[in-house]
Amino acid sequence: MVKIAARHLVSLLVVTLILGALIVNLNRPQADPRQKALNEWLQLSFLHADDPADRVLLKEMLDYFEPGKEAAHRQLVEDLAAESKRRRLEMARGGTEKKVLDAQTAGHILYMFLMFTLIFICALLISYYGALTLGTLRFIYQRQQKPSAFRRWLTALRARPDHWQAETAWVYARSLLKPGVIIVGRFFAYAVLFSPAYVLAYSFKSRFDSDMFLFVILLGVISNGMLITYTHKFYTFLDSESRKGFVDLARVKQMHDSYAFNKKNGISRKQLLHWNKRFPGHVLGVIYENAHYQYTQTLKEQAAYLISSLIITEMALNVQGHLSYSMLQYLYYGDYAPVALIVLCLFWLVKLTELVVDLVAFRRDKKLGYN
């Protein structure tokens, strides 16, 4: 356990020192010796540095009166355009200087990071439970070997009556309706689960403010392929474990192997919905435990995927007052010290999640006698 913690803490320390030094350097005010000259040029009433035509005219004039300094003139024009743009951005933000990383700004960033962490923890727990539950449910349906809804719909379509009457037409339509609804429902479910977050979000809302805690959690779980990807991953573990020899040994020991719901030798739906799923006396219990053992390490990958998804979601929706949108604003205005602090906070979140997963896996292995 000490080795596991030390490995993660060393990487945390190294990255923290590097980013900390970068933050200090970026937060240090730097005097630009060209600033005075740029101010003099920008104070000229007849020069509009934002106008491409004025910039071309200025460069040609300088080249004419000072030949041989074309490179310096081109750089001056570019600096004037950049400085003019910076001033316009500062005016749009309501300030005149870059935002320094003082105690107030750092406190605001840490508060937003705390809210981001709460969103991340809630979304991770929900997606973890959803992946295990839906993956197990898909495995059970696969073992029941029932025909798909599309096959049932085709079978019902071919079984049209020879003589059409009101009663037979209603029975025929009803036989088509149920699998048809399932097919349409699955189509829309997959469309939602594979859609980017901003597509789903703008389908329901047109404006996004700071009161978006639950909505961002929901989008983080169901969008960007998050839930469906790890549902399939857990199903793959279940399917792989079901082909191993210990399953046959479990059947020899008279363990139940019926996958029918709520039958004497089958599976209870209540067991499927539990947080800690147990299937005592059933082959699925052994398969699930082994698949869950392998899935634990996948949580590190799932957590990193979820953090990326939440960052993209908050940026794409321009959610006011949230961490990712604020980072986008800092980047837009050229305030790189706050951006470095946000990156450091996100790195801490990723590494601490990996540390927790490794420690949980270590405790479980120790309990099973593997260490």
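The confidence score called pLDDT is assigned by the predictor to each residue and runs from 0 to 100. The model shown here is predicted, and across the protein the pLDDT averages 80, with 87% of the residues scoring at least 70. Confidence is lowest in helix α2, residues 35-42, where the mean is 68, whereas helix α5, residues 103-144, has the highest value, 91.

As to the overall fold, the protein contains 16 helices and zero strands. Of its 371 residues, 37% count as buried. When contacts between residues at least 6 apart in sequence are considered, 75% of them join residues at least 24 apart.

Seen from Leu323, and leaving out residues up to four places away in sequence, the surroundings consist of Ile109, Met112, Phe113, Phe116, Glu314, Ile342 and Leu346.

The packing of one pair of helices can be examined next. Two packed helices are described by the angle between their axes together with the distance between those axes. Helix α10, residues 226-242, packs against helix α14, residues 298-317, at an angle of about 170°, and their axes are 11 Å apart. Because angles over 145 degrees count as roughly antiparallel, α10 and α14 are described as roughly antiparallel to each other. On the α10 side, Met226, Thr229, Tyr230, Lys233 and Phe237 take part, and they meet Thr298, Glu301, Gln302, Tyr305 and Leu306 of α14. Sorted by class, this contact has five nonpolar, three polar and two charged residues.

Which helix holds Ala156? Ala156 lies in helix α6, which spans residues 149-158. Its relative accessibility is 11%, and because buried means under 20%, Ala156 counts as buried. Setting aside neighbours within four places in sequence, Ala156 is in contact with Tyr172, Ser175 and Leu176. For Ala156 and Leu176, the separation is 20 residues along the sequence, while their C-alpha atoms are 5.9 Å apart in space.

Note on methods:
Residues numbered from 1 in each chain as written. Predicted model: local features only at pLDDT ≥ 70, side-chain atom pairs only at ≥ 80, totals over all residues. Heavy atoms only, no water. Helix = DSSP H or I, 4+ residues; strand = E, 2+ residues; numbered from the N terminus. Buried < 20%, exposed > 50% of the residue type's maximum accessible area, 1.4 Å probe, protein only. Contact = heavy atoms within 4.5 Å. Axes fitted to C-alpha atoms, helices over the stretch in contact; angles between N-to-C directions. Parallel < 35°, antiparallel > 145°, perpendicular 65-115°, else oblique. Nonpolar A, V, L, I, M, F, W, Y, C, P; charged D, E, K, R; others polar.
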